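Dear colleague,

Please find below the sequence and the structure that I am handing over to you. A summary of the findings follows.

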Amino acid sequence: MKVLLSWLREFAPLVGEPEELANQLTDLGMELESIQLIGGSLQGICVAQVLEIRPHPDADKICLVDVDLGDGEALQICCGATNMAVGDLVPLATIGTMMPSGMLIAQRKMRGQQSNGMLCSAREMEIGEDHEGILILDPNLSLGQPIVDALELREDVVFEFDALPNRPDTLSVMGVARDLAARQGVAFSIPAHQPATMGESAASLGSIQILAPDLCGSFLTRVISGVRLQQSPRWMAQRLIAAGMRPINNVVDVSNYVMLELGHPNHTYDLAKVPAGELRVRWANEGEQIVTLDGMTRSLTSQDGVIVDATDAAIGIAGVMGGASTEISETTTDVLLELAWWNPEVVAATSTRLNLHSEASLRFKRGVDTELATQAANRFAELLTQISGAELHPDEIKAEGNLPQPHKVSVRLNKVNGLLGTALTAEQVADLINPIGYLTQGPDSLSAECELLVQIPSWRPDSLIEVDVIEEVARQYGMERIPKTLPVSPHTGQLTERQTDRRCLRRALIGAGLIEAMPVPFLAPGDLERAGLPADGLLLANPLVAEESVLRTSLLPGLLKAVAYNASHRQNNVEFYELGRVFNLGERVIADPAESAEADRVLAGETEHLAVVLAGSEASIAVELLQVVLSSVHRLEFGSETQALQLETAQLPGLHPGRSASVLLGTTKVGEVGEVHPEVLRAYGIEQPAAWLQINLDLLFEFPSLVAQARLVSRFPTSDMDLAFVVAEEVTASSVLSTIRKSTPSEGESAWVATQVELFDVFRSDQLGVGLKSLAFRLRFQAQDRTLTEEEVTEVRIQVISEVEQKHGGYLRS
Amino acid sequence: MSVDPSQIAATGIAAFAQANTLDQVHEIELQFLGAQSALSGLKASFRDLDPEQRKVLGAQMNSARQQLEQAAQNRTEALQSQARAAQLDNERLDLTESLGRGKLGHSHVITQTWERLEDVFCSMGFTVADGPEVETDWFNFEALNLPPAHPARSLWDTLYLDSSQLEGLGQEQLLLRTHTSPVQIRSMLRAVREGSGPPIYVVCPGRVYRRDTADATHLPVFHQIEGLVIDRGITMGDLAGTIESFVKSYFGDEMTSRLRPSYFPFTEPSAEFDISAPDGSWLEVGGCGMVHPNVLRAGGLDPEEWSGFAFGFGIDRLAKIRYAVDDLREFVTNDVRFLSQF
């Protein structure tokens with residue numbers, strides 16, 4: 001929203017420098033976007049006439065223009081625009097002019113041709129938005145006249161701010177002035193508009209009927225006759241330009257001017273084109289068609305509102321756009337003016353569905369002042385009769401539907417101070433909000449609670465309940481003035497175990513040299529298939545682009561894209577990890593609020609995963625990293641039976657069939673480890689192998705948190721033994737390891753235990769034989785209370801060898 | 001044969017001094033001290049001597065033997081010492097050859113910012129709550145005082161899940177949460193259910209989604225942190241003070257904050273909070289306000305008994321400011337050259 005200082009001052013004698021006013025606007029909730037000083041810095045720009053236009057001999061995009069400033073001398077100007085014609089009047093910035101942008105106009109040569117100044121666009125002079133071409137001036141202006149005089153440019157300040165969506169009143173000069181006046185403590189008044197009337201009563205010229213009271217709260221018309229379509233006076237055109245609108249003709253300009261000034265949109269019909277001046281308001285019929293002002297044929301639904309004529313033909317879409325059939329034109333003499341209050345929800349829905357957004361629909365959908373129609377009609381009539389010599393017929397024609405009624409809200413003083421942290425008296429509260437139209441009664445001294453009865457102004461549809469009024473108190477008091485206090489939490493601020501474990505995982509991965517990636521969770525159709533995964537990703541109903549229409553079911557595609565991106569930028573061997581959610585339908589959707597609040601999930605299949613991709617590495621590296629990563633989480637005790645880490649060879653989607661395994665903790669499958677399938681890598685354009693690791697954190701964090709209990713470290717010597725078994729290739733190291741563990745004494749059974757059982761070498765050779773491998777294990781035994789005897793250890797050795805030979809068909813390598 | 005033991009000793013000592021290897025020392029030891037040595041040979045002459053002479057010769061022989069043994073030991077030690085020195089010299093390494101090979105990985109700069117925020121709020125007595133990214137319309141909008149058809153819903157460009165895959169659910173019922181505010185409701189409901197509050201002091205960091213085209217200042221997927229405090233007698237002054245305390249802790253003691261009126265359907269009064277930039281201008285950081293009575297009710301709390309405030313802001317935006325990142329898209333490109341800087 002753009003407002004001019006001079007315009008604001010028609011409502012209140014506002015004081016202060018532009019910057020102060022700008023700060024006050026921001027402070028009141030109208031966040032300033034820009035301040036622009038206009039009309040003051042155009043010295044040196046004068047009206048000139050185009051004498052001749054010819055091409056530049058050495059440049060295609062520049063033409064040479066001869067202009068005359070009234071002294072008969074032809075000045076040659078190099079110009080990039082071509083919209084002017086010989087005889088046109090144009091603004092010329094003469095040599096020495098300082099443009100509003102700060103550019104100094106000097107004599108210069110462009111490709112060898114002299115340029116004696118610059119022809120200006122509206123934007124270059126900062127008097128409008130237009131930069132399509134040079135501003136063509138009114139042909140009646142005199143040559144050589146300063147542009148400031150010619151256009152009656154007055155020095156002014158334009159404030160542009162972001163209007164809040166709940167504050168339709170700030171979409172008007174009047175509303176902004178009201179707030180500023182209250183803040184400054186100066187009087188706010190609305191100039192009286194009582195246009196003279198002549199001729200017969202409007203009641204005999206037209207009628208209005210509301211057939212859809214929920215659509216239309218009120219509908220008021222007036223008739224103005226003897227209108228001649230012409231240009232608006234310059235002062236009005238300048239204000240419209242400064243406010244960001246393009247002047248068209250006096251009727252359209254007055255219409256826009258009144259909307260900007262008072263915030264009430266209006267619409268004009270050519271009365272001659274409305275049979276008998278009869279208007280009706282009803283819901284549109286499904287599929288009903290109308291040609292709108294922009295020449296487009298629009299198809300309507302029964303949720304849209306229309307204005308129809310006596311023949312029931314639609315001549316306007318309620319609150320959104322008028323129809324072409326009754327448009328004001330050169331032949332118009334009598335204007336039927338409409339000021340209606342439309343249901344905001346209807347206008348919002350219609351304008352969204354038709355993608356038709358205008359200044360009028362914006363105001364209607366945010367809610368127009370319910371009591372402003374008569375005033376806005378008078379202002380319109382006053383301006384149009386003033387500038388066009390037209391006449392206003394007496395009397396309004398008016399009909400009412402369901403218009404929101406004025407209401408009062410009871411406001412408790414202790415609630416005001418209790419919510420704001422202030423110590424205001426009832427009087428102070430009243431003084432803060434009375435100037436913005438919140439009229440207060442009370443407090444009634446008899447009541448126990450000090451209560452104010454507040455009349456909500458008709459222009460504030462956002463004020464419904466007590467806290468809404470308290471907000472106005474805060475706004476007018478100044479939020480910055482509220483003393484800052486710090487509440488004390490009775491809780492110990494700390495992370496949950498899950499949150500701490502997440503950090504531990506990250507620390508471990510960083511320690512291992514990995515970099516955290518954050519791909520977007522959206523995939524393109526086909527991304528999952530290319531990664532060898534089932535194509536069962538949930539789809540978005542309204543994706544912005546197809547490339548982002550599928551929700552990921554795995555972190556694999558995103559990380560592969562990240563690896564491929566880096567490879568394409570000559571960054572090989574990248575090692576990424578990611579912690580993120582994946583989305584599967586899961587067992588079901590828990591849409592019931594109470595149930596979903598308890599489940600902490602809506603989609604049962606929304607799961608948090610950790611994934612690692614190590615470009616250039618083989619599966620074994622990922623397995624080693626798996627152990628490091630899991631060790632970082634406090635809740636896991638790998639020694640215990642129920643949580644022992646195991647790998648179970650498996651063929652997993654997207655992974656190398658011979659180099660992948662499920663990761664088990666006890667009997668729970670928590671993830672997968674291995675290498676990405678070479679075909680998948682090829683599909684993603686990755687030319688090196690990539691190790692892969694993925695853990696379902698939701699499952700991992702299900703494991704109970706355990707505090708490690710200290711074990712006494714024995715003082716007695718250890719007995720070590722190395723055992724190498726020759727087994728078939730199919731026999732996994734982990735299964736042999738598990739057999740060895742089971743056949744050695746463990747805690748509880750015996751006073752001595754195998755403190756260590758580990759694989760330390762794998763060996764293959766021709767002598768050993770094809771399809772065989774040697775697995776060498778190191779075992780270390782120790783007792784808490786004595787040195788172990790040779791016999792004890794030998795007994796275990798025999799036991800281990802016999803178990804391995806029996807279970808795995810292996811033999812001890814001598 | 002008449003040999004003087006001291007002469008033998010002198011010859012032997014000279015020989016030891018010439019030895020260059022331990023093997024040579026060993027050979028010389030055999031030569032001068034072994035069974036076949038001249039010194040040992042002298043023993044044979046004992047029987048021809050009278051006791052007095054024997055005594056003299058014996059003493060001379062002992063002395064010579066001792067001198068030779070000493071010389072052998074000295075030479076051995078000297079050679080061993082030389083060998084150790086030579087070995088150390090051989091083991092010399094250029095330590096600079098491995099410069100730059102060690103590496104620590106990197107958390108994403110968003111994660112670093114996220115964790116820093118968690119730490120600041122934990123130190124202020126807040127706990128941290130998570131919530132789902134796929135939400136229902138009720139949690140994302142309705143419970144936050146945005147009933148269906150509320151005009152302000154258009155402030156959030158929402159991504160909905162295709163309902164054809166969701167049995168029994170209508171269109172636009174499931175969505176990707178557009179803000180972390182649903183976790184406010186979840187936190188209130190949980191506190192009531194578990195009897196753990198109010199008082200509630202919680203922050204909810206998380207990933208949020210908008211139907212938006214990525215550009216330098218917008219991402220369709222980004223991160224927010226939401227704060228919620230509910231207690232008896234919580235005021236807007238408490239909100240301003242909490243924001244101020246956070247700003248000083250996160251941005252530095254010299255920074256200050258201000259509230260200015262704004263609009264959010266879930267708070268009333270609503271405000272934006274700004275921080276002072278070094279040049280005296282104000283930088284918009286986030287939104288905040290007093291929790292709307294309808295939101296308290298949706299969370300199962302009586303607005304006559306409890307009041308509270310909420311605030312929220314973008315984690316990505318904070319990271320952008322702190323680390324001078326020009327273009328938010330850098331955060332999701334996953335270029336290691338970008339990520340390794342932090």
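**Findings**

Chain A contains 21 helices and 38 strands, where helices (H or I, at least four residues) and strands (E, at least two) are DSSP runs numbered from the N terminus. Please note that this is a predicted model, in which local features need pLDDT of at least 70 and side-chain atom pairs count only at pLDDT 80 or more, whereas totals for chains, interfaces and linings use all residues. Residues are numbered from 1 along each chain as its sequence is written, while chains are lettered from A and ligands numbered from 1 in the order in which they are written.

**Confidence**

The predictor assigns the complex an ipTM of 0.86 and a pTM of 0.84. For chain B the mean pLDDT is 91, with 99% of its residues at 70 or more; pLDDT is the predictor's confidence in each residue, from 0 to 100.

**Chain A overall**

The C-alpha trace of chain A spans about 130 × 90 × 55 Å along its principal axes. Of the 814 residues in chain A, 43% are buried. A residue counts as buried if 20 or more other C-beta atoms lie within 10 Å of its own, as exposed if 12 or fewer do, and as partly exposed in between, with C-beta atoms placed from the backbone. Among contacts in chain A between residues at least 6 apart in sequence, 69% join residues at least 24 apart; a contact requires C-beta atoms, placed from the backbone, within 7 Å.

**A sheet in chain A**

Chain A has an open sheet of five strands in the order 11-14-17-18-19, with mixed pairing. Strand 11 (207-210) and strand 19 (321-322) of chain A are the edge strands, each with a single partner strand, so one side of each has no neighbour in the sheet. Two strands are taken to pair if DSSP finds at least two bridges between them. Strand 17 (residues 305-308) and strand 18 (residues 314-317) of chain A run antiparallel and are joined by three bridges. Within strand 18 of chain A, A:Ala314 is the residue opposite A:Val308.

**The interface**

In the contact between the chains, 84 residues of chain B meet 79 residues of chain A. On the chain B side, helix 8 (residues 236-251) gives the most, with eight residues. By class, that side of chain B has 41 nonpolar, 26 polar and 17 charged residues. Here Ala, Val, Leu, Ile, Met, Phe, Trp, Tyr, Cys and Pro count as nonpolar, Asp, Glu, Lys and Arg as charged, and the others, Gly among them, as polar.

Strand 7 (residues 267-276) of chain B is mostly covered, with nine of its ten residues buried. Strand 6 (residues 257-262) of chain B runs antiparallel to strand 7 and is joined to it by six bridges; the two form a hairpin with four residues between them. B:Arg258 has B:Asp274 as its bridge partner in strand 7 of chain B. Eight bridges connect strand 7 of chain B to the antiparallel strand 8 (residues 282-291), where B:Trp282 is the bridge partner of B:Ser276. The hairpin of strands 7 and 8 of chain B has five residues between the strands, and B:Gly280 takes a positive phi near 90° there. Strand 7 of chain B also holds B:Pro269, which a cis peptide bond joins to B:Glu268, with omega about -5°.

**Helix 7 of chain B**

Helix 7 (residues 182-194) of chain B has 13 residues and reaches 18 Å from its first C-alpha to its last, close to the expected 18 Å; the expected span is 1.5 Å times one less than the number of residues. Ten of the 13 residues of helix 7 of chain B are buried, including B:Ile185, B:Met188 and B:Leu189. Just after this helix, B:Gly195 has a positive phi of about 70°.

**Backbone exceptions**

Most residues other than glycine have a negative phi, and most peptide bonds are trans. A:Arg111, which is not a glycine, has a positive phi of about 50°. A:Arg111 lies in the loop between strand 7 (108-110) and strand 8 (113-115) of chain A and is exposed, with 10 other C-beta atoms within 10 Å. B:Ala324 likewise has a positive phi, near 55°. B:Ala324 sits in the loop between helix 10 (315-322) and helix 11 (330-333) of chain B and is exposed, with 7 other C-beta atoms within 10 Å.

Kind regards

Methods:
Contact = placed C-beta atoms within 7 Å.
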